[in-house]
Amino acid sequence: MTALALPAPRTAGRRLRWSIGVLAAPITVWLLFFFVAPFLVILWYSFGRKPSLYVTHANDVLSLDRYVEALNPTFLAVFGRTLQISLIGTLLCLVIAFPMAYWMAVKLPARLQGIALALVLVPYWTNFLVRTIGWQIVLSPTSFVADISRGLGLGTPQLLYTPGAVQLGVVYNYLPLMILPLYVTLERLDHRLLEASRDLGANALETFRRVTLPIVMPGIAAGLLLVFVPLMGDYITPSVLGGAAGSMVGQQVATQFNVAQNWALGSAMAIVLMIAILAVVVVFALLFRLVKALVDRHERVAIVEAEA
Amino acid sequence: MTDTAIAAPPADLVADDPGAGRVVLAGVSKLYAKNWAVKSLDLEIAAGEFISLLGPSGCGKTTTLRMIGGFELPDEGEITIGGTAMGTTPPYRRPVNTVFQSYALFPHMSVAKNVAYGLKYAKVPKADIADRVADALGMVRMQHLASRMPAQLSGGQQQRIALARALVNRPAVLLLDEPMSALDRKLREEMQIELKLLQQQLGTTFVFVTHDQEEAMTMSDRIAVMNGGRIEQIGSPAEVYDRPSSAYVAGFIGQQNFFEGTVTGADSTAVAVQVADGAVHATRGGDVAPGAAAVVAVRPESIAVADGPAPDEPNAVTATLMSVSRLGSYLQVVTITASGQKVMARVPWGVEIPATIGATVTCRWPADAPMVYPA
């Protein structure tokens, strides 16, 4: 007998698709009105101009001039710093969150996992601004940290209003967004797979590389996206902790909209930011694909599939 | 169903070092949350032996297996495999492989990659890996599924892949942790036979953990019946079935009718016990003294059923016939005595039951059938 009694793959029937369409209608309408439409408006504004001091935007003359204007040296410098803070921040979140999530999901008894999860979530649910201002107090020259530093004869450290303060703030603010998806995938990881790997001769490091990592990779990817994307556009953290030395692109966009009242330029900056985020994500996704393909190639087992 | 068959193993998988598969557990204990999961366990497993650790859940059989595999370390005692004391040797340095209860196939790898997983660490030359994998898959007749993912396989197929993945590494000892518990009965019975044949051809030591006494009886050279972290009895399937050393083993292996009573006489050749419904004379002496409380065990297949009330003689009780049901090649007869004791008999298909339901019958057994144990 060579025929195998495998279940036939479920094909989506017409009725199934219809019902999914109905269920997806509310979110579709929501996204169309509150995401796609505003996005198109911003895109439209970015081709326009600011005609006079008292008018925010006009599209009577369409051009790419606002993009040229946006890519000025000051903006590019801030942009470079934003990219650096975001990439380092995302990486730091991963490095800090992975052991944490692993400990929560694997080492901690089930009854304590809920408590650990709550301890991660409660600060996250606290108002973003309040949390960040909390760090402003800690980092200020009059804080207990500065007092200790002075007590040790190290002088008053300049902590607040530096890129370092922003880096610290974003890692603190976005860490839960990395811990949660990692925890979920690690919690579902079957521990017997790890035992099977060790049983077959792999040590802890090899087991991590060949079993744990590939299985939790979707969680890592989700965490990286959840942290990196909002982090690139963050403007509260740098506003509160960064000062002039630690400003980020989000502030530049906000300034154009709220202070300079130049919606055309602000829109162009926002579009540049979105394209940059997309480009970084695509580049990393391609890099990841390449590495995976190389590893697969390296570990390929070519079997001639003879009929039994 | 040739799809389930296991082919003759390739020559290079056959065990060649006869001493490597010898496992000795000396005074091994394991403490879990202040309870002894395994207590002072002594066990010698010969190389090439098929041994089953049999017992209910919580008896310590899985803990024992995990200690041999290195997943748990004993709190006391020493485990020796192939003459080498294992101590704290991690699982990946032990000459042992495991077939897990849930198979634990790597879901992100194809069947071939699953089977090849351990060969990298066994220092198999890269050029030979594909051949070794093909041989192992051929042995379990799964070569045609090499590029499938585990999720695309049935339970039986997954189990055979797990077997190939373990055996491809040529372990001195193969540990099997209830590998058949997820299979349906028919497939399980087929696999029991295949697995036993495979083990005989390979000559690898198999340590098989199960709570299913039929499974243990079918495959094992020896069965270790475990209870409360200890081995109650160890012996061939025939020994533990015919001469259970305790009431616990008697009850766990096969079916039994238990009668409680008081010993009225005992010497080296026979024991007399007074039970609620009559007297038992057993020619196989138990470790009991006159006047002591005792438990008498009689196998259902030793009991004959006859019409009418029992005469006043030993080894016969009067009962009411409650039900007769056909189970495969035999009839299962259920009766209840005047004292409320259920007595089950098992008679070959074709033997007439000379009574109707509700009639008074006699349940009788030969004097060499009852086993007597201290209560």
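Which residue in the turn of the hairpin of strand 9 and strand 10 of chain B has a positive phi? That's Gly228(B), at about 55°, in a hairpin with two residues between its strands. Before going further, some ground rules: this is a predicted model, in which local features need pLDDT of at least 70, side-chain atom pairs count only at pLDDT 80 or more, and totals for chains, interfaces and linings use all residues. Residues are numbered from 1 along each chain as its sequence is written, while chains are lettered from A and ligands numbered from 1 in the order in which they are written.

On confidence, the model has an ipTM of 0.83 and a pTM of 0.81. Chain B has an average pLDDT of 90, and 98% of its residues score at least 70; pLDDT is the predictor's confidence in each residue, from 0 to 100.

Strands here are DSSP runs of E with at least two residues, helices are runs of H or I with at least four, and both are numbered from the N terminus. Two strands pair if DSSP finds at least two bridges between them. Strand 9 (residues 222–227) and strand 10 (residues 230–235) of chain B run antiparallel and are joined by five bridges. One pairing to look for is Ala224(B), whose bridge partner in strand 10 is Ile234(B).

Chain B has another hairpin to look at, made by strand 1 and strand 2, with two residues between the strands. Here Ala33(B) takes the positive phi, near 45°. Seven bridges hold strand 1 (residues 23–32) and strand 2 (residues 35–45) of chain B in antiparallel pairing, and Val23(B) has Ile45(B) as its bridge partner in strand 2.

Next, the sheets. One open sheet of chain B has five strands in the order 13-12-11-14-20, paired antiparallel. Strand 13 (278–282) and strand 20 (371–374) of chain B are at the edges with a single partner strand each, so one side of each has no neighbour in the sheet. Neighbouring strands of this sheet are turned by 40° against each other on average, direction ignored; axes are lines fitted to C-alpha atoms, for helices over the stretch in contact, and angles run from 0 to 180 degrees between N-to-C directions. Within the sheet, strand 11 (residues 257–266) and strand 12 (residues 271–275) of chain B are antiparallel and share five bridges, with Gly261(B) opposite Val275(B) of strand 12.

Another open sheet of chain B, also described as antiparallel, has five strands in the order 15-19-16-17-18. Its edges are strand 15 and strand 18 (342–348) of chain B, each with a single partner strand, so each has one side without a neighbour in the sheet. The twist from one strand to the next averages 45°. Strand 15 of chain B pairs antiparallel with strand 19 (residues 360–364) of chain B over four bridges, and Asp307(B) sits opposite Val361(B) in strand 19.

Now for some buried spots in chain B. A residue is buried if 20 or more other C-beta atoms lie within 10 Å of its own, exposed if 12 or fewer, and partly exposed in between, with C-beta atoms placed from the backbone. Helix 1 (residues 61–69) of chain B has nine of its nine residues buried, so it is largely enclosed by the rest of the structure. Among them are Lys61(B), Arg66(B) and Met67(B). Just after this helix, Gly70(B) has a positive phi of about 95°.

Two loop residues of chain B also have positive phi without being glycine. Ala104(B), at about 50°, lies in the loop between strand 6 (96–99) and helix 2 (111–116), and is buried, with 26 other C-beta atoms within 10 Å. Asn315(B), at about 60°, is in the loop between strand 15 (304–307) and strand 16 (316–327). Asn315(B) counts as buried, with 22 C-beta neighbours inside 10 Å.

Finally, hop over to chain A. Helix 3 (residues 73–107) and helix 7 (residues 163–188) of chain A pack at about 40°, with their axes 6 Å apart. These two helices are therefore oblique to each other; angles under 35 degrees count as roughly parallel, over 145 as roughly antiparallel, 65 to 115 as roughly perpendicular and the rest as oblique.
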